[in-house]
Amino acid sequence: MDFRFSDDQRLFQRTVREFLVAEVTPERIRAAWQTPTGRSDELWSQLAGLGLTGLTIAEEHGGLGMSELDFVLLAEEMGYVALPEPLIDTVLVGAPLLARCGNAALASEWLPRVAAGDAKLAVGLACHPLVADAHVADLLLLQHGDEMHAVPRAEVTLTANECLDPSRRLFRVDWTPSASTCIAAGAAGRALLGAALDRGALGAAAQCLGLTQRMIDLAVAYTRDRKQFGQAIGTFQAVQHLMANVAVKLEYAKAPVHRAAHDVAHDAARAAVSVSHAKIAASEAALLAARNSIQVHGAMGYTWEVDLHIFAKRAWTLDNAWGDRALHKLRVADCVLADDAAIGAGATF
Amino acid sequence: MELAYTDKQQAFRREIRTWLAANVPAEPLQSFDTAEGFRQHRAWEAKLNSGRWGMVTWPEELGGRGCDLIEWQIFEEEYWRAGAPLRVNQNGIFLLGPTLMEYGTAEQKRRFLPKMATGEEVWCQGWSEPGAGSDMAAIRSRAERQGDHYVINGQKTWSTRAVWADWCFGMFRTDPASERHHGLTFILVPLNLEGITVRPIPQLDGLPGFAEIFFDNVKVPLDCRLGEEGKGWKVAMATAGFERGLMLRSPARFQQTAARLVQLYRANRASADRDPTVREAVLRAWMDAEAYCLTTYQTACRLNAGGKIGEESSTNKIFWSELDQRMHETALGILGARAELWPHAPDAGDVGTWLDGFLFAQSGSIYAGANEIQRNIIAQRMLGMPRA
């Protein structure tokens with residue numbers, strides 16, 4: 001029993017954090033809002049240069065051959081800066097699906113390109129009918145019933161749907177399923193779709209941890225600077241407790257997310273409930289962080305000008321991405337309320 | 001990261017499970033806030049100790065097993081799973097014991113720890129005073145040094161189990177000119193000394209779980225001081241840290257409550273689902289208890305590897321105390337009109353112990369540092385928000 005990340009994993013996290021905080025600034029994010037795609041080829045090349053686009057891809061395909069456990073800490077950092085690029089969808093969700101779909105030719109065709117930073121993946125599941133970043137994806141992995149299909153972007157028609165988060169680009173995808181696009185069906189299809197949901201939800205949960213920390217940092221800094229009644233508002237207990245409540249929520253969402261990453265990495269039978277628990281806990285932390293951070297910012301918190309909304313909006317959209325709250329609560333209920341549920345003291349591991 | 005128990009850990013679990021199965025009393029003991037219940041619980045501590053299960057985290061030479069914090073979690077999981085009695089000497093073994101190991105002299109350890117382990121000497125706390133609750137630095141009870149002893153005068157209150165306990169540990173002001181957390185000294189006081197009066201205070205359940213302790217020129221030998229004179233605050237903070245932290249409220253307790261809540265919900269589902277929020281509350285209980293367990297294992301692994309417990313431990317107290325309150329509120333909602341009945345009432349049916357637990361849960365957000373104080377600590381020390 002050793003519920004810790006390795007020194008190497010923590011070192012990699014610090015390296016990626018330093019890069020992201022320096023490069024993915026609120027100014028850069030705001031600038032990207034004004035561009036047609038909202039995405040930066042230059043930033044993607046930089047991410048590829050760090051090895052991030054090939055992190056979960058096997059070395060034989062040009063990747064680093066690392067695991068979801070290595071990636072989850074990085075996904076937290078991507079949340080901390082609200083990274084707009086589809087790195088999580090491509091690397092944590094898409095690439096592993098290609099690797100395990102059983103189609104070696106498809107994997108050999110695409111994974112080296114993904115690892116090299118030359119191709120992006122988008123994933124569309126029935127639980128969220130619009131596909132994020134379909135416009136910049138080279139290959140789309142799409143659900144059709146209990147089948148998973150791999151469809152090049154040239155073969156689909158996209159209709160943009162503007163949404164709350166200016167960084168988030170959503171598309172209705174019109175396409176025609178065919179035998180040639182189907183990469184998994186029946187039981188194999190359901191397994192792949194389940195893996196896609198677990199991975200996407202894990203990525204969202206990890207981002208929510210980073211988003212929560214960022215909103216705490218922004219709000220705490222604001223409470224030090226902003227003075228009312230002749231003193232910093234952070235000295236007021238009512239203000240302190242708003243942020244303390246967020247810290248408590250965050251503290252008890254971390255371990256569930258890390259456990260979920262472990263279970264996904266090991267294909268554990270209980271990965272579904274671990275992931276859903278993590279998604280619910282991390283999302284609630286991020287929602288509370290958004291609510292209370294806006295509150296302590298006062299009217300400034302309700303403006304476009306203050307950077308806080310970059311992170312709040314990401315938290316709000318992720319709440320129902322990769323399975324809405326009901327879906328994840330039902331998955332927890334299926335486990336906890338079952339006749340043979342293994343619950344109680346000593347049943348956790 | 002490795003989330004599986006080692007063979008040694010699994011063997012340890014089997015060993016304690018087997019021992020508990022053979023030794024846990026078939027009938028629940030009476031409340032340890034009654035004379036007879038206290039006697040029963042003291043006897044249970046002796047029995048636990050005879051199996052060397054009393055203080056598993058203590059070093060072997062002190063009657064323990066030198067268990068690390070993961071083995072401690074395993075012990076607690078099996079203990080709560082077996083429905084074993086509450087620990088009547090918890091203030092001693094979980095709070096004072098570790099503090100003694102850190103600050104006590106060799107002689108003090110030899111003198112106090114073995115009898116603490118057997119339950120022969122049960123300890124209570126002497127922190128709060130009528131004018132010093134959350135503001136513990138406002139302590140006014142005096143300990144005046146006279147030759148080879150201190151003379152103590154003053155009053156302590158809210159001392160849990162002081163009515164039956166043998167010893168009290170607490171803080172007293174040794175420097176009359178001092179203020180706040182300076183000039184306080186940590187002293188161990190036998191409760192049978194001349195000049196001590198213990199006055200019971202009935203708790204919400206009507207039993208004398210609390211007491212006030214009055215000190216009227218009580219002479220305590222100097223060797224009952226723990227740590228340096230005037231440095232009691234530092235010693236006390238170590239105790240408070242243990243209390244908030246891993247020892248006092250291990251996750252197993254709340255995981256068992258959550259599991260019982262799931263059972264209660266499943267057994268009463270038709271009626272419970274008339275309130276659509278109940279299912280959500282039941283699932284949340286399980287998730288939060290699970291999160292507390294996972295987080296505790298993460299912390300335990302970090303501490304085992306040489307890490308220090310940090311300010312984030314202040315989140316712990318808030319999390320479990322509020323979880324416990326929500327779980328019991330949910331249970332009473334499921335029980336409906338029966339919820340108000342004590343288990344011995346003729347028409348109580350199978351209400352179980354939820355009402356008692358509900359009352360006790362009310363205290364969780366107050367003792368060991370009120371949750372408002374914990375939130376101040378989180379804001380100021382963990383988040384770095386400014387102090388007034």
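**The contact between chain A and chain B**

Colleague: Which residue of chain B forms a salt bridge with A:Asp339?

Modeller: In this predicted model, A:Asp339 forms a salt bridge with B:Arg266, and their closest N and O atoms are 2.7 Å apart.

Colleague: How many salt bridges are there between chain A and chain B?

Modeller: The count is four salt bridges between chain A and chain B. There are also 20 residue pairs in polar contact between these chains, both residues being at pLDDT 80 or more.

Colleague: Which elements give two or more residues to the side of chain A that touches chain B?

Modeller: They are helices H7 (186-225), H8, H9 (271-297) and H11 (325-336) of chain A. H8(A) gives the most, with 17 residues. By type, the residues on this side of chain A divide into 26 nonpolar, 13 polar and ten charged.

Colleague: Let us turn to H8(A). At what angle does it cross helix H9 of chain B?

Modeller: The axes of H8 (residues 237-265) of chain A and H9 (residues 277-304) of chain B cross at roughly 80 degrees and come within 8 Å. Angles of 65 to 115 degrees count as roughly perpendicular, so H8(A) is roughly perpendicular to H9(B).

Colleague: Which residues make that contact?

Modeller: From H8(A), they include A:Lys249, A:Glu251, A:Tyr252 and A:Arg259. From H9(B), B:Arg284, B:Glu290, B:Tyr292 and B:Gln298 are among them. The residues of this helix contact divide into six nonpolar, three polar and five charged.

Colleague: Now the contact of the two chains as a whole. How many residues does it take from each chain?

Modeller: It takes 49 residues from chain A and 55 residues from chain B. The area buried between the chains is about 4,900 Å², and carbon and sulfur atoms give 67% of that area.

Colleague: Which residues of chain A lose the most area to chain B?

Modeller: They are A:Met1, A:Tyr252 and A:Leu337, which together account for 18% of what the chain A side buries. A:Tyr252 also belongs to the contact of H8(A) with H9(B).

Technical notes. Residues are numbered from 1 along each chain as its sequence is written. Chains are lettered from A and ligands numbered from 1 in the order in which they are written. This is a predicted model: local features need pLDDT of at least 70, side-chain atom pairs count only at pLDDT 80 or more; totals for chains, interfaces and linings use all residues. Side-chain values use heavy atoms; hydrogens and water are left out. Axes are lines fitted to C-alpha atoms, for helices over the stretch in contact, and angles run from 0 to 180 degrees between N-to-C directions. Helices (H or I, at least four residues) and strands (E, at least two) are DSSP runs, numbered from the N terminus. Angles under 35 degrees count as roughly parallel, over 145 as roughly antiparallel, 65 to 115 as roughly perpendicular and the rest as oblique. Contact means heavy atoms within 4.5 Å. Ala, Val, Leu, Ile, Met, Phe, Trp, Tyr, Cys and Pro count as nonpolar, Asp, Glu, Lys and Arg as charged, and the others, Gly among them, as polar. Buried area is the accessible area (1.4 Å probe) that two parts lose on being put together, summed over both. A salt bridge is a side-chain nitrogen of Lys or Arg within 4 Å of a carboxyl oxygen of Asp or Glu. A polar contact is a pair of N or O atoms within 3.5 Å; within protein, one must be able to donate a hydrogen and the other to accept it, and residues adjacent in sequence count only if both atoms are side-chain atoms.
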